[in-house]
Amino acid sequence: MPAPTTPTAATTPTAPTTWFVTGASRGLGLELVRQLLARGSNVAATTRSAERLRAALGSAADTGRLLALTVDLTDESQVRSAVERTTERFGRLDVVVNNAGYGYLAAVEETSDDAVRNMLDVQVVGVWNVLRAALPVLREQRAGRVINVSSILGLTTMPGWALYCAGKFALEGLSEALAAEVADFGIKVTVVEPGYFRTSFLTPDSLALPSRTTEHYPAVRAMVEDHLELHGRQLGDPVKGAAAIIERAGHEDGPLRQLLGSDAHAFATAKVDALRADLDATANSAPATDFPAA
């Protein structure tokens, strides 16, 4: 079978044409919107400030096919209204990208109740709100794709990232179950797992930090400083990352997960190796809790 070519809206009738993208005013989300508009796609882009999104796109972007929406993703009625406005404006919905999120760096002990709820509201509840609003449209069409932007930290962890990992691990589980649930409706699911990309993610404007810390976690403090200093030197190119996401969306078949970056692939490989070691170590002891065979 010949290798598939990269479809585009201009050359392939079934290529995605209408996208709904959350977290669109910065980082990978912004670059995704910029490239989609340049390709002639219709884009409904949600952000906490539509004005900031338009300013970030600049005058060079052709915004004739852009529907910029100020949406609080934790408000189900706002999300539902945004999806309705999208289908009213463009007539259909092809790809839904759950990209909104932010980083939080602190030890578990230092993470407040409000910080936990705020993070999970965005990374889990917000995604669920989008899915509840968009899936009926895709299901009725018997076609479409959901792209959930996770992180390599949805597969593995490091100290100080517990809250962020908790949200992304939840997104991974949600995505796996969702993929099986909607397959019969012609809806595809992709989980994107980026490594470190050269965006604003590691800037003080994007990272959330605890209001109070303790002296008991010097390694976490050092990790925070290292990550702040990493800004501008990350390995991943957001232009290439957004292009890879768009390309993947145009292919019917492929793996559930899309790793972006050699660093992401290395982290994932190490996690698989560690998991295999645990499985091997417990192969004999795990059956000990079974009822005896009849």
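1. Helices (H or I, at least four residues) and strands (E, at least two) are DSSP runs, numbered from the N terminus.

2. Some housekeeping. This is a predicted model, where local features need pLDDT of at least 70 and side-chain atom pairs count only at pLDDT 80 or more, while totals for chains, interfaces and linings use all residues. Residues are numbered from 1 along each chain as its sequence is written, and side-chain values use heavy atoms, with hydrogens and water left out.

3. Now the whole chain. I see 8 helices and 9 strands, and the C-alpha trace spans about 55 × 55 × 40 Å along its principal axes. Of the 294 residues, 45% count as buried; buried means under 20% relative accessible area, exposed over 50%, partly exposed in between, with a 1.4 Å probe and protein chains only. Among contacts (heavy atoms within 4.5 Å) between residues at least 6 apart in sequence, 71% join residues at least 24 apart.

4. Back to α3. Its buried residues are Val79, Ala82, Val83, Thr86 and Phe90. They cover an arc of only 95° around the axis, so they sit on the same side of α3 (the arc is that of the directions from the helix axis to the C-beta atoms). These buried residues pack against β1, β2 (42–47), β3 (66–70) and α4 (113–141). On the face turned away from the buried side you'll find exposed Ser77 and Glu88. Just after α3, glycine 91 takes a positive phi of about 85°.

5. Strand β4 (residues 95–98) is worth a look. Both of its faces are covered, with Val95 and Val97 buried on one side and Val96 and Asn98 buried on the other. Strand β1 (residues 18–21) runs parallel to β4 and is joined to it by 3 bridges; two strands pair if DSSP finds at least two bridges between them. Tryptophan 19 has valine 95 of β4 as its bridge partner. Strand β6 (residues 144–149) also runs parallel to β4, with 4 bridges, and valine 97 partners isoleucine 147 there.

6. Glycine 167 lies in helix α5 (residues 162–182) and counts as buried because its relative accessibility is 0%. Leaving out residues up to four places away in sequence, glycine 167 touches Leu120, Gln123 and Val124.

7. Helix α8 (residues 262–281) has buried Asp263, Ala264 and Ala268. They cover an arc of only 130° around the axis, which puts them on the same side of α8. The buried residues of α8 pack against β7 (187–194) and β9 (257–260), while exposed Ser262, Asp280 and Ala281 are on the face turned away.

8. Last, glutamine 258, which has its place in strand β9. At 12% relative accessibility, glutamine 258 counts as buried. A polar atom of its side chain lies 3.0 Å from the backbone oxygen of alanine 244. Beyond residues up to four places away in sequence, glutamine 258 touches several others, including Thr190, Val192 and Arg248.

Methods. Polar contact = N/O pair within 3.5 Å; in protein donor to acceptor, adjacent residues only side chain to side chain.
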